[in-house]
Amino acid sequence: MLPDLGVCPSLAKGGGPGCASACFRRRVQATACLVGAGLLLAFLGALGCAGRAPGLSMAEGDTLLSVDYEIFGKVQGVFFRKYTQAEGKKLGLVGWVQNTDRGTVQGQLQGPISKVRHMQEWLETRGSPKSHIDKANFNNEKVILKLDYSDFQIVK
């Protein structure tokens with residue numbers, strides 16, 4: 001807990017010069033503590049480790065995540081790519097989605113961690129209304145410094 005930086009109580013009650021120097025030392029210690037905390041937060045933010053309030057945008061220092069995915073089940077011919085693109089855009093994510101020759105859908109998601117996690121859950125449990133998801137694989141997950149895409153695209 002930081003000391004009170006207000007008027008020195010003893011000095012306000014007529015305390016002597018010794019009290020003033022003690023108050024000054026407390027102010028210097030508190031200031032150093034605040035500066036140290038600020039430096040620590042800046043350092044952790046640069047590493048992508050700082051905690052943040054829910055709902056912060058990428059511009060406010062949200063850690064960015066990239067993850068590849070492949071979805072198995074009845075996911076072709078049921079507008080899965082179109083719904084995936086719409087959900088990704090709704091969440092503010094970027095990346096891509098495409099059908100594979102194996103009857104799966106694959107792609108990549110990029111954006112704030114909380115939004116990527118939400119999209120992963122959507123891919124695993126919901127998908128398009130007529131789809132049936134058997135399994136969702138996520139791999140190559142990594143923290144990134146900047147987005148590689150500017151939009152969420154359907155790849156033909």
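Okay, strand β2, residues 94-99: four bridges join β2 to β5, and the two run parallel. One of the pairings to look at is G95, whose bridge partner in β5 is F152. By pairing I mean that DSSP finds at least two bridges between the strands. Helices (H or I, at least four residues) and strands (E, at least two) are DSSP runs, numbered from the N terminus.

Quick housekeeping: this is a predicted model, where local features need pLDDT of at least 70, side-chain atom pairs count only at pLDDT 80 or more, and totals for chains, interfaces and linings use all residues. Residues are numbered from 1 along each chain as its sequence is written, and side-chain values use heavy atoms, with hydrogens and water left out.

Zooming out, β2 and β5 belong to an open sheet of five strands, ordered β4-β1-β3-β2-β5 with mixed pairing. The edges are β4 (132-144) and β5 (152-155); each has a single partner strand, so one side of each has no neighbour in the sheet. On average, neighbouring strands here are turned by 15° against each other, direction ignored.

Now, what packs on the sheet? Helix α3, residues 80-91, does, touching β1 (64-74), β2, β3 (105-112), β4 and β5, and its direction makes about 170° with that of β5. Helix α4, residues 113-125, packs there as well, touching β1, β3 and β4, at about 155° to the direction of β3. For those numbers, contact means heavy atoms within 4.5 Å; axes are lines fitted to C-alpha atoms, for helices over the stretch in contact, and angles run from 0 to 180 degrees between N-to-C directions.

Let's stay with α3. Its buried residues are F80, T84, Q85, E87, G88 and L91. They cover an arc of only 165° around the axis, which puts them on the same side of α3. That arc is taken from the directions from the helix axis to the C-beta atoms. On the other side, K82 and K90 are exposed. Buried is under 20% relative accessible area, exposed is over 50%, and partly exposed is in between, with a 1.4 Å probe and protein chains only.

R81 lies in α3 and is partly exposed at 22%, while N99 sits in β2 and is partly exposed at 28%.
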